[in-house]
Amino acid sequence: MSETAVISRRPSETPISAQGCILIIDDEAAIRESLQTLLELEGYEVETAANGEQGLSKLGERPFDLVLLDLALPDRNGLELLPDIRALDAQLGVIMITAYGTVEDAVRAMQSGAANFLQKPWDNEKLLADVRAAVARRRAEEENIQLKRALKQRYNFESIVGKAEPMLKIFDLVAQVAPSRSTVLLQGESGTGKELIAKALHLNSPRRDRPFVPVNTGSMPPDLLESTLFGHVKGAFTSAIASKKGLFEIADRGTLFLDEIGSMGIETQSKILRVLQDRKFMHLGGVHEIQVDVRIIAATNIDLRQLVREGKFREDLFYRLNVITIDLPPLRQRKEDIPLLVEFFLRKYAEENQRPVRSVTPEAFRPLLNYSWPGNVRELENVVERAVVLSSGTTIGPELLPDHVIGRGTTIPMIENRADASLFDVMEDCERHIIGDMLEKCSWNQTEAADRFHIPLSTLNQKIKRLNIEIKKKTRE
(Lines give C-alpha, C1' and ligand atoms only; values in the text may rest on other atoms or scores of the structure.)
Protein backbone atom coordinates (compact mmCIF):
# COMPACT_ATOMS: atom_id res chain seq x y z
CA MET A 1 0.00 0.00 0.00
CA SER A 2 1.31 3.45 -0.89
CA GLU A 3 2.48 5.68 1.96
CA THR A 4 0.69 9.02 2.24
CA ALA A 5 1.44 11.87 4.65
CA VAL A 6 -1.31 12.80 7.09
CA ILE A 7 -2.84 16.25 6.69
CA SER A 8 -5.53 18.05 8.65
CA ARG A 9 -9.07 18.04 7.33
CA ARG A 10 -11.01 21.19 6.49
CA PRO A 11 -14.59 21.11 7.77
CA SER A 12 -17.23 20.78 5.08
CA GLU A 13 -19.45 23.76 4.40
CA THR A 14 -21.98 21.91 2.25
CA PRO A 15 -23.84 18.58 2.56
CA ILE A 16 -21.95 17.12 -0.40
CA SER A 17 -18.61 18.44 -1.66
CA ALA A 18 -17.93 19.34 -5.28
CA GLN A 19 -15.81 16.20 -5.76
CA GLY A 20 -17.98 13.91 -3.64
CA CYS A 21 -18.57 12.86 -0.04
CA ILE A 22 -17.31 9.44 1.09
CA LEU A 23 -17.89 7.43 4.27
CA ILE A 24 -15.18 4.98 5.39
CA ILE A 25 -16.32 2.18 7.72
CA ASP A 26 -13.32 0.26 9.09
CA ASP A 27 -12.30 -0.77 12.61
CA GLU A 28 -8.57 -0.16 12.04
CA ALA A 29 -7.62 3.46 12.80
CA ALA A 30 -4.52 3.30 10.57
CA ILE A 31 -6.60 2.15 7.59
CA ARG A 32 -9.21 4.87 8.15
CA GLU A 33 -6.50 7.53 8.42
CA SER A 34 -4.65 6.32 5.31
CA LEU A 35 -7.79 6.18 3.17
CA GLN A 36 -8.98 9.54 4.47
CA THR A 37 -5.68 11.23 3.62
CA LEU A 38 -5.56 9.67 0.14
CA LEU A 39 -9.13 10.71 -0.71
CA GLU A 40 -8.91 14.22 0.76
CA LEU A 41 -5.80 14.91 -1.31
CA GLU A 42 -8.02 14.19 -4.33
CA GLY A 43 -10.59 16.75 -3.15
CA TYR A 44 -13.18 14.43 -1.60
CA GLU A 45 -14.92 15.18 1.68
CA VAL A 46 -14.44 12.21 3.98
CA GLU A 47 -16.08 10.96 7.18
CA THR A 48 -15.14 7.81 9.07
CA ALA A 49 -16.76 5.24 11.35
CA ALA A 50 -15.08 2.55 13.44
CA ASN A 51 -17.91 0.00 13.26
CA GLY A 52 -21.14 -0.83 11.50
CA GLU A 53 -23.49 0.91 13.92
CA GLN A 54 -21.51 4.15 13.77
CA GLY A 55 -21.56 3.91 9.99
CA LEU A 56 -25.35 3.42 9.84
CA SER A 57 -25.81 6.34 12.23
CA LYS A 58 -23.77 8.65 9.98
CA LEU A 59 -25.62 7.44 6.88
CA GLY A 60 -28.88 8.40 8.59
CA GLU A 61 -27.66 11.91 9.33
CA ARG A 62 -26.62 13.10 5.85
CA PRO A 63 -26.21 12.01 2.21
CA PHE A 64 -23.03 10.38 0.91
CA ASP A 65 -21.82 9.56 -2.60
CA LEU A 66 -19.95 6.37 -1.71
CA VAL A 67 -19.14 4.01 1.18
CA LEU A 68 -15.82 2.18 1.59
CA LEU A 69 -16.82 -0.78 3.76
CA ASP A 70 -14.53 -3.25 5.54
CA LEU A 71 -15.68 -6.86 5.33
CA ALA A 72 -14.58 -7.84 8.86
CA LEU A 73 -16.07 -5.40 11.38
CA PRO A 74 -16.11 -6.00 15.15
CA ASP A 75 -19.88 -5.72 15.57
CA ARG A 76 -21.24 -6.92 12.21
CA ASN A 77 -19.91 -8.55 9.05
CA GLY A 78 -19.73 -6.07 6.16
CA LEU A 79 -21.85 -8.34 3.98
CA GLU A 80 -24.51 -8.41 6.71
CA LEU A 81 -24.40 -4.61 6.86
CA LEU A 82 -25.05 -4.13 3.13
CA PRO A 83 -28.86 -4.69 3.29
CA ASP A 84 -29.18 -2.06 6.04
CA ILE A 85 -27.16 0.40 3.95
CA ARG A 86 -29.41 -0.36 0.98
CA ALA A 87 -32.49 0.25 3.18
CA LEU A 88 -31.20 3.75 4.00
CA ASP A 89 -30.16 4.59 0.42
CA ALA A 90 -30.91 2.06 -2.30
CA GLN A 91 -28.71 3.81 -4.90
CA LEU A 92 -25.64 4.42 -2.71
CA GLY A 93 -22.42 2.91 -4.09
CA VAL A 94 -20.46 0.58 -1.78
CA ILE A 95 -16.88 -0.66 -2.31
CA MET A 96 -15.96 -3.61 -0.08
CA ILE A 97 -12.37 -3.73 1.22
CA THR A 98 -10.80 -6.65 3.09
CA ALA A 99 -7.49 -8.31 3.89
CA TYR A 100 -8.95 -11.81 3.94
CA GLY A 101 -11.41 -11.85 1.07
CA THR A 102 -12.11 -14.89 -1.08
CA VAL A 103 -13.66 -15.22 -4.52
CA GLU A 104 -16.86 -16.36 -2.81
CA ASP A 105 -16.89 -13.21 -0.66
CA ALA A 106 -16.41 -11.04 -3.75
CA VAL A 107 -19.27 -12.74 -5.57
CA ARG A 108 -21.56 -12.40 -2.53
CA ALA A 109 -20.64 -8.73 -2.17
CA MET A 110 -21.44 -7.99 -5.84
CA GLN A 111 -24.68 -9.96 -5.61
CA SER A 112 -25.64 -7.92 -2.55
CA GLY A 113 -25.14 -4.70 -4.47
CA ALA A 114 -21.52 -3.70 -3.81
CA ALA A 115 -20.00 -1.60 -6.59
CA ASN A 116 -16.63 -3.32 -6.30
CA PHE A 117 -14.45 -5.50 -4.08
CA LEU A 118 -10.81 -4.66 -3.25
CA GLN A 119 -8.20 -6.47 -1.19
CA LYS A 120 -5.69 -4.97 1.25
CA PRO A 121 -3.06 -3.80 0.56
CA TRP A 122 -4.68 -1.89 -2.26
CA ASP A 123 -3.16 0.02 -5.15
CA ASN A 124 -3.86 3.73 -4.68
CA GLU A 125 -4.38 4.50 -8.38
CA LYS A 126 -6.73 1.53 -8.81
CA LEU A 127 -8.73 2.51 -5.73
CA LEU A 128 -9.01 6.15 -6.85
CA ALA A 129 -10.14 5.06 -10.33
CA ASP A 130 -12.88 2.88 -8.80
CA VAL A 131 -13.92 5.71 -6.48
CA ARG A 132 -14.14 8.22 -9.35
CA ALA A 133 -16.27 5.83 -11.43
CA ALA A 134 -18.61 5.05 -8.51
CA VAL A 135 -19.08 8.73 -7.61
CA ALA A 136 -19.74 9.58 -11.30
CA ARG A 137 -22.50 6.96 -11.42
CA ARG A 138 -23.97 8.28 -8.18
CA ARG A 139 -24.01 11.86 -9.45
CA ALA A 140 -25.68 10.77 -12.72
CA GLU A 141 -28.42 9.00 -10.78
CA GLU A 142 -28.97 12.02 -8.49
CA GLU A 143 -29.12 14.28 -11.53
CA ASN A 144 -31.92 12.22 -13.03
CA ILE A 145 -33.91 12.25 -9.78
CA GLN A 146 -33.65 16.05 -9.60
CA LEU A 147 -34.63 16.43 -13.24
CA LYS A 148 -37.73 14.27 -12.78
CA ARG A 149 -38.77 16.48 -9.87
CA ALA A 150 -38.25 19.55 -12.03
CA LEU A 151 -40.64 18.11 -14.61
CA LYS A 152 -43.59 18.78 -12.30
CA GLN A 153 -43.40 22.23 -13.89
CA ARG A 154 -42.54 22.89 -17.50
CA TYR A 155 -38.95 24.08 -17.77
CA ASN A 156 -38.98 27.75 -18.72
CA PHE A 157 -35.33 28.86 -18.46
CA GLU A 158 -35.83 30.26 -14.95
CA SER A 159 -32.34 29.06 -13.95
CA ILE A 160 -30.77 30.69 -17.03
CA VAL A 161 -30.83 34.42 -16.39
CA GLY A 162 -30.33 36.91 -19.19
CA LYS A 163 -31.88 39.70 -21.19
CA ALA A 164 -28.85 40.58 -23.35
CA GLU A 165 -29.41 40.13 -27.07
CA PRO A 166 -26.99 37.17 -27.39
CA MET A 167 -28.85 35.29 -24.63
CA LEU A 168 -32.29 36.02 -26.11
CA LYS A 169 -31.09 34.52 -29.39
CA ILE A 170 -29.87 31.43 -27.54
CA PHE A 171 -33.24 31.03 -25.81
CA ASP A 172 -34.99 31.15 -29.18
CA LEU A 173 -32.54 28.66 -30.68
CA VAL A 174 -32.94 26.24 -27.76
CA ALA A 175 -36.73 26.34 -28.08
CA GLN A 176 -36.42 25.65 -31.82
CA VAL A 177 -33.80 22.89 -31.58
CA ALA A 178 -34.92 21.05 -28.42
CA PRO A 179 -37.78 19.01 -29.99
CA SER A 180 -35.46 17.51 -32.62
CA ARG A 181 -33.11 14.55 -32.15
CA SER A 182 -30.17 16.37 -33.77
CA THR A 183 -26.77 16.41 -32.12
CA VAL A 184 -25.88 19.78 -30.57
CA LEU A 185 -22.42 21.24 -29.93
CA LEU A 186 -22.19 23.88 -27.19
CA GLN A 187 -19.15 26.15 -27.40
CA GLY A 188 -18.03 28.65 -24.80
CA GLU A 189 -15.57 29.47 -22.07
CA SER A 190 -15.67 27.68 -18.72
CA GLY A 191 -18.46 28.95 -16.50
CA THR A 192 -20.74 30.26 -19.26
CA GLY A 193 -23.54 27.79 -18.49
CA LYS A 194 -23.11 25.05 -21.08
CA GLU A 195 -24.60 22.34 -18.84
CA LEU A 196 -27.63 24.55 -18.06
CA ILE A 197 -28.29 24.91 -21.79
CA ALA A 198 -27.86 21.15 -22.25
CA LYS A 199 -30.49 20.54 -19.53
CA ALA A 200 -32.80 23.06 -21.16
CA LEU A 201 -32.49 21.22 -24.48
CA HIS A 202 -33.27 17.91 -22.78
CA LEU A 203 -36.19 19.16 -20.68
CA ASN A 204 -37.87 20.83 -23.65
CA SER A 205 -37.54 17.71 -25.80
CA PRO A 206 -39.70 14.57 -26.17
CA ARG A 207 -37.01 12.81 -24.10
CA ARG A 208 -37.76 14.90 -21.02
CA ASP A 209 -39.03 11.95 -18.95
CA ARG A 210 -35.97 9.83 -19.77
CA PRO A 211 -32.47 10.18 -18.23
CA PHE A 212 -30.23 13.21 -18.68
CA VAL A 213 -26.72 11.83 -18.06
CA PRO A 214 -23.77 14.28 -17.85
CA VAL A 215 -20.16 13.11 -17.97
CA ASN A 216 -16.98 15.18 -17.88
CA THR A 217 -14.89 13.41 -20.50
CA GLY A 218 -11.82 15.50 -19.73
CA SER A 219 -11.51 14.37 -16.11
CA MET A 220 -10.97 10.62 -16.70
CA PRO A 221 -8.13 8.56 -18.17
CA PRO A 222 -9.05 6.85 -21.47
CA ASP A 223 -9.55 3.32 -20.07
CA LEU A 224 -11.80 4.49 -17.26
CA LEU A 225 -13.73 6.79 -19.60
CA GLU A 226 -14.46 3.96 -22.05
CA SER A 227 -15.55 1.66 -19.23
CA THR A 228 -17.77 4.44 -17.85
CA LEU A 229 -19.33 5.20 -21.25
CA PHE A 230 -19.68 1.70 -22.70
CA GLY A 231 -19.67 -0.59 -19.66
CA HIS A 232 -17.77 -3.86 -19.44
CA VAL A 233 -18.31 -7.59 -19.13
CA LYS A 234 -17.03 -9.74 -16.31
CA GLY A 235 -13.35 -10.50 -16.82
CA ALA A 236 -12.75 -7.67 -19.32
CA PHE A 237 -9.85 -6.53 -17.13
CA THR A 238 -8.28 -7.58 -13.84
CA SER A 239 -10.76 -5.93 -11.48
CA ALA A 240 -13.88 -6.61 -13.60
CA ILE A 241 -15.38 -9.29 -11.36
CA ALA A 242 -18.91 -8.46 -12.55
CA SER A 243 -20.51 -6.94 -15.65
CA LYS A 244 -21.56 -3.28 -15.53
CA LYS A 245 -23.69 -1.05 -17.68
CA GLY A 246 -22.16 2.07 -19.19
CA LEU A 247 -23.65 5.56 -19.39
CA PHE A 248 -24.82 4.99 -22.98
CA GLU A 249 -27.15 2.25 -21.71
CA ILE A 250 -28.25 4.35 -18.73
CA ALA A 251 -29.06 7.24 -21.11
CA ASP A 252 -31.02 5.04 -23.56
CA ARG A 253 -33.96 7.02 -25.03
CA GLY A 254 -32.61 10.04 -23.15
CA THR A 255 -29.73 12.50 -23.49
CA LEU A 256 -26.00 12.02 -22.91
CA PHE A 257 -24.11 15.26 -22.22
CA LEU A 258 -20.40 14.94 -23.09
CA ASP A 259 -18.63 17.87 -21.43
CA GLU A 260 -15.02 18.88 -22.32
CA ILE A 261 -15.15 16.64 -25.40
CA GLY A 262 -12.05 18.33 -26.81
CA SER A 263 -9.97 16.51 -24.18
CA MET A 264 -11.12 13.06 -25.33
CA GLY A 265 -8.51 10.70 -26.79
CA ILE A 266 -8.53 9.74 -30.47
CA GLU A 267 -9.35 6.06 -29.79
CA THR A 268 -12.37 6.95 -27.67
CA GLN A 269 -13.43 9.46 -30.34
CA SER A 270 -13.58 6.60 -32.86
CA LYS A 271 -15.95 4.65 -30.63
CA ILE A 272 -18.17 7.69 -30.04
CA LEU A 273 -18.31 8.21 -33.82
CA ARG A 274 -19.50 4.62 -34.34
CA VAL A 275 -22.32 5.06 -31.81
CA LEU A 276 -23.39 8.27 -33.57
CA GLN A 277 -23.34 6.56 -36.97
CA ASP A 278 -24.79 3.13 -36.13
CA ARG A 279 -26.41 3.66 -32.71
CA LYS A 280 -24.61 0.49 -31.64
CA PHE A 281 -21.65 -0.35 -29.42
CA MET A 282 -20.15 -3.23 -27.45
CA HIS A 283 -19.18 -3.54 -23.81
CA LEU A 284 -15.45 -3.59 -23.11
CA GLY A 285 -14.53 -7.24 -23.55
CA GLY A 286 -17.95 -8.02 -25.01
CA VAL A 287 -18.88 -9.67 -28.30
CA HIS A 288 -22.54 -8.67 -28.63
CA GLU A 289 -23.69 -5.35 -30.09
CA ILE A 290 -26.05 -3.23 -28.03
CA GLN A 291 -28.58 -0.96 -29.75
CA VAL A 292 -29.29 2.40 -28.09
CA ASP A 293 -31.27 5.54 -28.86
CA VAL A 294 -29.33 8.38 -27.26
CA ARG A 295 -29.23 12.05 -28.15
CA ILE A 296 -25.73 13.49 -27.83
CA ILE A 297 -25.12 17.02 -26.62
CA ALA A 298 -21.40 17.85 -26.52
CA ALA A 299 -19.66 20.85 -25.00
CA THR A 300 -16.19 22.33 -25.37
CA ASN A 301 -14.22 25.34 -24.21
CA ILE A 302 -11.52 24.52 -26.78
CA ASP A 303 -11.56 25.40 -30.49
CA LEU A 304 -12.33 22.00 -32.04
CA ARG A 305 -11.50 23.22 -35.54
CA GLN A 306 -7.97 24.03 -34.36
CA LEU A 307 -7.71 20.57 -32.75
CA VAL A 308 -8.80 19.04 -36.07
CA ARG A 309 -6.04 20.98 -37.88
CA GLU A 310 -3.53 19.73 -35.30
CA GLY A 311 -4.66 16.13 -35.74
CA LYS A 312 -5.89 15.89 -32.14
CA PHE A 313 -9.61 15.59 -32.98
CA ARG A 314 -11.23 13.50 -35.68
CA GLU A 315 -12.63 15.61 -38.50
CA ASP A 316 -15.49 13.15 -39.17
CA LEU A 317 -16.52 13.23 -35.51
CA PHE A 318 -16.38 17.03 -35.49
CA TYR A 319 -18.87 17.22 -38.37
CA ARG A 320 -21.10 14.64 -36.69
CA LEU A 321 -21.19 16.74 -33.52
CA ASN A 322 -21.41 20.07 -35.30
CA VAL A 323 -24.91 19.57 -36.70
CA ILE A 324 -26.23 22.47 -34.62
CA THR A 325 -23.82 24.77 -32.81
CA ILE A 326 -24.74 27.09 -29.95
CA ASP A 327 -22.07 29.63 -28.96
CA LEU A 328 -22.39 30.86 -25.40
CA PRO A 329 -21.02 34.38 -24.89
CA PRO A 330 -18.64 35.15 -22.02
CA LEU A 331 -20.04 37.35 -19.27
CA ARG A 332 -17.82 40.28 -20.30
CA GLN A 333 -19.83 40.41 -23.56
CA ARG A 334 -23.21 40.53 -21.79
CA LYS A 335 -22.53 42.89 -18.90
CA GLU A 336 -26.10 44.17 -18.99
CA ASP A 337 -27.02 40.80 -17.46
CA ILE A 338 -24.80 41.30 -14.39
CA PRO A 339 -27.47 43.18 -12.32
CA LEU A 340 -30.02 40.44 -13.10
CA LEU A 341 -27.56 37.69 -12.22
CA VAL A 342 -26.50 39.40 -8.98
CA GLU A 343 -30.13 39.76 -7.93
CA PHE A 344 -30.85 36.12 -8.82
CA PHE A 345 -27.87 34.75 -6.86
CA LEU A 346 -28.48 37.17 -3.98
CA ARG A 347 -32.02 35.83 -3.47
CA LYS A 348 -30.88 32.23 -3.91
CA TYR A 349 -28.05 32.27 -1.35
CA ALA A 350 -29.78 34.57 1.13
CA GLU A 351 -32.59 32.01 1.30
CA GLU A 352 -30.24 28.99 1.41
CA ASN A 353 -28.09 30.49 4.17
CA GLN A 354 -30.92 32.26 6.02
CA ARG A 355 -29.30 35.67 5.70
CA PRO A 356 -31.24 38.99 5.68
CA VAL A 357 -29.25 40.35 2.69
CA ARG A 358 -31.47 42.23 0.24
CA SER A 359 -29.25 44.48 -1.88
CA VAL A 360 -25.79 45.51 -3.07
CA THR A 361 -24.48 49.02 -2.46
CA PRO A 362 -23.54 51.23 -5.46
CA GLU A 363 -19.91 51.15 -4.25
CA ALA A 364 -19.94 47.35 -4.55
CA PHE A 365 -21.87 47.28 -7.83
CA ARG A 366 -19.30 49.37 -9.69
CA PRO A 367 -16.45 46.84 -9.41
CA LEU A 368 -18.88 44.00 -10.21
CA LEU A 369 -19.71 45.76 -13.48
CA ASN A 370 -16.10 46.71 -14.26
CA TYR A 371 -14.45 43.37 -13.51
CA SER A 372 -13.69 41.16 -16.55
CA TRP A 373 -15.03 37.88 -15.01
CA PRO A 374 -12.60 35.34 -16.51
CA GLY A 375 -14.58 32.60 -14.73
CA ASN A 376 -17.83 33.97 -16.21
CA VAL A 377 -21.22 33.36 -14.56
CA ARG A 378 -19.83 30.62 -12.30
CA GLU A 379 -17.26 33.04 -10.87
CA LEU A 380 -19.89 35.73 -10.34
CA GLU A 381 -22.12 33.21 -8.55
CA ASN A 382 -19.28 32.21 -6.22
CA VAL A 383 -18.44 35.84 -5.44
CA VAL A 384 -22.09 36.62 -4.56
CA GLU A 385 -22.44 33.45 -2.47
CA ARG A 386 -19.25 34.32 -0.56
CA ALA A 387 -20.48 37.87 0.11
CA VAL A 388 -23.87 36.62 1.35
CA VAL A 389 -22.29 34.08 3.72
CA LEU A 390 -19.85 36.68 5.13
CA SER A 391 -22.50 39.41 5.49
CA SER A 392 -24.04 40.36 8.82
CA GLY A 393 -26.48 43.00 7.62
CA THR A 394 -29.01 43.63 4.85
CA THR A 395 -26.59 45.02 2.24
CA ILE A 396 -23.37 43.92 0.56
CA GLY A 397 -20.60 46.50 0.40
CA PRO A 398 -17.19 46.44 -1.33
CA GLU A 399 -15.53 45.13 1.84
CA LEU A 400 -17.26 41.78 1.24
CA LEU A 401 -15.85 41.37 -2.27
CA PRO A 402 -12.56 39.57 -3.02
CA ASP A 403 -9.49 41.75 -3.54
CA HIS A 404 -9.02 40.68 -7.16
CA VAL A 405 -12.58 41.80 -8.04
CA ILE A 406 -12.24 45.31 -6.63
CA GLY A 407 -8.60 45.64 -7.76
CA ARG A 408 -6.88 45.46 -4.37
CA GLY A 409 -3.62 43.69 -3.68
CA THR A 410 -3.03 42.03 -7.07
CA THR A 411 0.17 43.06 -8.81
CA ILE A 412 1.76 41.22 -11.69
CA PRO A 413 5.52 41.65 -12.07
CA MET A 414 6.88 42.36 -15.51
CA ILE A 415 10.01 40.66 -16.86
CA GLU A 416 13.02 42.78 -16.11
CA ASN A 417 16.48 42.91 -17.68
CA ARG A 418 15.42 40.78 -20.65
CA ALA A 419 15.41 42.73 -23.86
CA ASP A 420 14.65 39.56 -25.80
CA ALA A 421 11.55 38.61 -23.78
CA SER A 422 8.68 37.63 -26.07
CA LEU A 423 4.95 38.15 -25.39
CA PHE A 424 4.77 34.43 -24.63
CA ASP A 425 7.50 34.83 -21.96
CA VAL A 426 5.66 37.75 -20.36
CA MET A 427 2.36 35.87 -20.31
CA GLU A 428 3.99 32.78 -18.78
CA ASP A 429 5.56 34.89 -16.02
CA CYS A 430 2.23 36.56 -15.32
CA GLU A 431 0.44 33.20 -15.19
CA ARG A 432 3.15 31.73 -12.93
CA HIS A 433 2.80 34.67 -10.53
CA ILE A 434 -1.01 34.53 -10.43
CA ILE A 435 -1.10 30.77 -9.78
CA GLY A 436 1.67 30.96 -7.19
CA ASP A 437 -0.09 33.82 -5.42
CA MET A 438 -3.39 31.91 -5.31
CA LEU A 439 -1.70 28.72 -4.04
CA GLU A 440 -0.06 30.73 -1.25
CA LYS A 441 -3.42 32.27 -0.31
CA CYS A 442 -4.90 28.75 -0.17
CA SER A 443 -2.02 27.48 2.01
CA TRP A 444 -0.84 25.40 -0.99
CA ASN A 445 -4.08 23.43 -1.12
CA GLN A 446 -4.33 22.72 -4.87
CA THR A 447 -7.96 21.58 -4.72
CA GLU A 448 -9.05 24.84 -3.09
CA ALA A 449 -6.98 26.89 -5.55
CA ALA A 450 -8.59 25.08 -8.51
CA ASP A 451 -12.04 25.79 -7.03
CA ARG A 452 -11.24 29.50 -6.65
CA PHE A 453 -9.91 29.65 -10.22
CA HIS A 454 -13.08 27.79 -11.39
CA ILE A 455 -11.03 25.23 -13.31
CA PRO A 456 -10.67 21.43 -12.96
CA LEU A 457 -7.95 20.23 -10.59
CA SER A 458 -6.36 18.34 -13.50
CA THR A 459 -6.03 21.61 -15.47
CA LEU A 460 -4.35 23.37 -12.53
CA ASN A 461 -1.95 20.45 -12.06
CA GLN A 462 -0.98 20.62 -15.75
CA LYS A 463 -0.28 24.35 -15.45
CA ILE A 464 1.81 23.84 -12.29
CA LYS A 465 3.90 21.23 -14.09
CA ARG A 466 4.28 23.27 -17.30
CA LEU A 467 5.27 26.44 -15.42
CA ASN A 468 7.64 24.59 -13.03
CA ILE A 469 5.89 26.01 -9.96
CA GLU A 470 7.37 24.64 -6.76
CA ILE A 471 4.68 23.32 -4.43
CA LYS A 472 5.43 24.11 -0.82
CA LYS A 473 4.26 22.08 2.15
CA LYS A 474 0.69 22.82 3.20
CA THR A 475 0.60 25.25 6.10
CA ARG A 476 -3.07 24.99 7.05
CA GLU A 477 -3.63 23.19 10.34
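Mentor: We shall go from the whole chain to a sheet, then to a helix, and finally to a cavity.

Mentor: This is a predicted model, in which local features need pLDDT of at least 70 and side-chain atom pairs count only at pLDDT 80 or more, while totals for chains, interfaces and linings use all residues. Residues are numbered from 1 along each chain as its sequence is written, and side-chain values use heavy atoms, with hydrogens and water left out.

Trainee: How many helices and strands does the chain have?

Mentor: Helices (H or I, at least four residues) and strands (E, at least two) are DSSP runs, numbered from the N terminus. Here the chain has 19 helices and 14 strands.

Trainee: In what order do the five strands of the open sheet lie?

Mentor: Two strands pair if DSSP finds at least two bridges between them. In this open sheet the order is 2-1-3-4-5, with parallel pairing. Strand 2 (45–49) and strand 5 (116–119) stand at the edges with a single partner strand each, so one side of each has no neighbour in the sheet. Strand 3 (residues 66–70) and strand 4 (residues 93–98) pair over five bridges, and Leu66 stands opposite Gly93 in strand 4.

Trainee: Which strands does helix 1 touch?

Mentor: Contact means heavy atoms within 4.5 Å, and angles run from 0 to 180 degrees between N-to-C directions, along axes fitted to C-alpha atoms, for helices over the stretch in contact. Helix 1 (residues 29–41) packs on the sheet, touching strand 1 (21–25), strand 2, strand 3 and strand 4, and its direction makes about 170° with that of strand 2.

Trainee: How many residues of helix 7 are buried?

Mentor: Buried means under 20% relative accessible area, taken with a 1.4 Å probe and protein chains only. In helix 7 (residues 194–203), eight of the ten residues are buried, including Lys194, Ile197 and His202.

Trainee: What lines the largest cavity?

Mentor: A cavity is a set of points, on a 1 Å grid over the protein atoms alone, where a 1.4 Å probe fits but cannot get out, and lining residues have an atom within 4 Å of a point. A volume is the space filled by probe spheres set on the points, which are joined across faces, edges and corners. The structure holds three cavities of 30 Å³ or more, and about 50 Å³ of space lies in the largest cavity. Its lining includes Val342, Leu368 and Ile396, and helix 15 gives the most to that lining, with three residues.

Technical notes: On a 1 Å grid over the protein atoms alone, a cavity is a set of points where a 1.4 Å probe fits but cannot get out, and a pocket is an open set with protein on both sides within 12 Å along at least five of seven lines; lining residues have an atom within 4 Å of a point. Buried means under 20% relative accessible area, exposed over 50%, partly exposed in between (1.4 Å probe, protein chains only).
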